[in-house]
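This report describes a single protein chain for a reader new to structural work. Please view the sequence and the structure together before reading on.

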Amino acid sequence: MRKFTETFDINDNHKIVDLGGCETNWAYIDEKPSVLAINIDYDEEIIDNVEIKRMDARKLTMPSDSIEIGLFRICPAFF
């Protein structure tokens, strides 16, 4: 995750969707972007800047302009 944040210059102002993610990965970085983690079988939230939604990534119900960066199994995509 540190390499990801360095490579893509992640900061506290970014809005990120993490498909299949959980808050664990985000605990290892100093930056605190707004993260929406989408997962079908995980819904525990313990980090303030990470929101977990139980949702099937094939049927996202969120505005397309609500994110800047998508993370799919640790593969970044910019929108």
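The accessible surface of the chain is about 5,200 Å², and carbon and sulfur atoms account for 49% of this surface. Accessible areas come from the Shrake-Rupley method with a 1.4 Å probe, and for residues only the protein chains shown count as cover. The model is predicted, so local features need pLDDT of at least 70 and side-chain atom pairs count only at pLDDT 80 or more, whereas totals for chains, interfaces and linings use all residues. Residues are numbered from 1 along each chain as its sequence is written, and side-chain values use heavy atoms, with hydrogens and water left out.

Of the 79 residues in the chain, 37% are buried. A residue is buried under 20% relative accessible area, exposed over 50%, and partly exposed in between (1.4 Å probe, protein chains only). Contact means heavy atoms within 4.5 Å. Among contacts between residues at least 6 apart in sequence, 35% join residues at least 24 apart.

**Helices and strands**

The chain contains two helices and five strands, and from the N terminus on the order of its elements is α-β-α-β-β-β-β. These elements are DSSP runs numbered from the N terminus: helices (H or I) have at least four residues and strands (E) at least two.

Strand 1 is mostly covered, since four of its five residues are buried. Two strands pair if DSSP finds at least two bridges between them. With strand 2, strand 1 pairs in the parallel sense over five bridges; here Leu-19 has Ile-38 in strand 2 as its bridge partner. With strand 4 (residues 69-72), strand 1 pairs in the parallel sense over four bridges, and Asp-18 stands opposite Leu-71 in strand 4.

**Aromatic rings**

A pair of aromatic rings is described by the distance of the centres and the angle of the planes. Rings of Phe, Tyr and Trp (its six-membered ring) pair if their centres lie within 6.5 Å; planes under 30 degrees apart count as stacked, over 60 as edge-to-face and the rest as tilted.

| Pair | Distance of centres | Angle of planes | Class |
|---|---|---|---|
| Phe-4 and Phe-8 | 5.4 Å | 50° | tilted |
| Phe-4 and Trp-26 | 6.2 Å | 80° | edge-to-face |

Phe-4 has a relative accessible area of 9%, whereas Phe-8 is partly exposed because its relative accessibility is 26%. Through these ring pairs, Phe-4, Phe-8 and Trp-26 form a cluster.

**Two loop residues**

Asp-9 is located in the loop between helix 1 and strand 1 (15-19). Its relative accessible area is 57%, so Asp-9 is exposed. Most residues other than glycine have a negative phi. Asp-9 is not a glycine, yet its phi is positive, at about 50°.

Glu-31 belongs to the loop between helix 2 and strand 2 (34-39). Is Glu-31 exposed or only partly exposed? With 25% relative accessibility, Glu-31 counts as partly exposed. Leaving aside neighbours within four places in sequence, Glu-31 is in contact with Thr-5, Ile-10, Asn-11 and Asp-12. The C-alpha atoms of Glu-31 and Asp-12 are 5.6 Å apart, although 19 residues separate the two along the chain.
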